[in-house]
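Subject: Structure handover

Hello,

Here is the structure I said I would pass on. My notes on it follow below.

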Amino acid sequence: MKLTETELEVINYLRYIHVRMNKKYHNYSPVQNLSDKEVVSLYNKMDSIIEDEGSIKRSFGTYDEVYIIELNGVKSSLLHEIYQRKCRKDI
């Protein structure tokens, strides 16, 4: 799956606590940089992202599925953002 730099930044920001703790993100969230349409688009891509990451990990012989919990958390955060922005008709 091809992701833009902004989408990748948002996923890493929502996925990893140490990224959020970075001084770069003090009083700033990269999710705010996404338009309503981009948030919905990224939300819709999340199932494919989870599937792709799983196939990559399994190809390396890693069967730890913590990534599913992490990425489902990202997906939930994006859904919360969609509801806050009131653009749920586009899902």
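With which residue does Arg15 form a salt bridge? The partner is Glu70, and the closest N and O atoms of the two are 2.7 Å apart. Arg15 counts as buried, at 13% relative accessibility, whereas Glu70, at 26%, counts as partly exposed. Before going further, please keep in mind that this is a predicted model.

Other salt bridges

A search of the whole structure finds 7 salt bridges. One of them joins Lys45 to Glu7, with 2.9 Å between the closest N and O atoms. That pair links distant parts of the chain, since Lys45 is in helix H3 and Glu7 is in helix H1, 38 residues apart. Glu7 has a relative accessible area of 8%, under the 20% limit, and is therefore buried.

Lys75 and Asp47 also meet through their side chains in a salt bridge, at 2.8 Å from N to O. Here too distant parts of the chain are linked: Lys75 belongs to helix H4 and Asp47 to helix H3, and the two are 28 residues apart. Lys75 is buried, with a relative accessible area of 17%, while Asp47 counts as partly exposed at 46% relative accessibility. Salt bridges that share partners also join Arg15, Glu53 and Glu70 into one network.

Apart from neighbours within four places in sequence, Lys75 is in contact with Tyr43, Met46 and Asp47. The side chains of Lys75 and Asp47 make a polar contact of 2.8 Å as well.

Helix H4

Helix H4 covers residues 66-85, which is 20 residues. At 1.5 Å a residue the helix should span 28 Å, and its end C-alpha atoms are 29 Å apart, which agrees.

Which residues of H4 are buried? They are Tyr67, Leu71, Val74, Lys75, Leu78, Glu81 and Ile82. These residues cover an arc of only 115° around the axis, which puts them on the same side of H4.

What covers the buried residues of H4? The cover includes helix H1 (5-15) and helix H3 (36-59). Just after H4, Lys86 takes a positive phi of about 60°.

Aromatic residues

The count of aromatic pairs comes to 2. Tyr25 and Tyr28 form a stacked pair, with 5.7 Å from centre to centre and 5° between the planes. Tyr25 counts as buried at 8% relative accessibility, and Tyr28 counts as partly exposed at 25%. Ring pairs link Tyr13, Tyr25 and Tyr28 into a cluster.

If you want a place to begin, look at Lys75: this residue of helix H4 is buried and forms a salt bridge with Asp47.

Regards

Technical notes:
Residues numbered from 1 in each chain as written. Predicted model: local features only at pLDDT ≥ 70, side-chain atom pairs only at ≥ 80, totals over all residues. Heavy atoms only, no water. Helix = DSSP H or I, 4+ residues; strand = E, 2+ residues; numbered from the N terminus. Expected span 1.5 Å × (residues − 1). Buried < 20%, exposed > 50% of the residue type's maximum accessible area, 1.4 Å probe, protein only. Arc of directions from axis to C-beta. Contact = heavy atoms within 4.5 Å. Polar contact = N/O pair within 3.5 Å; in protein donor to acceptor, adjacent residues only side chain to side chain. Phe/Tyr/Trp six-rings, centres within 6.5 Å; stacked < 30°, edge-to-face > 60°. Salt bridge = Lys/Arg side-chain N within 4 Å of Asp/Glu carboxyl O.
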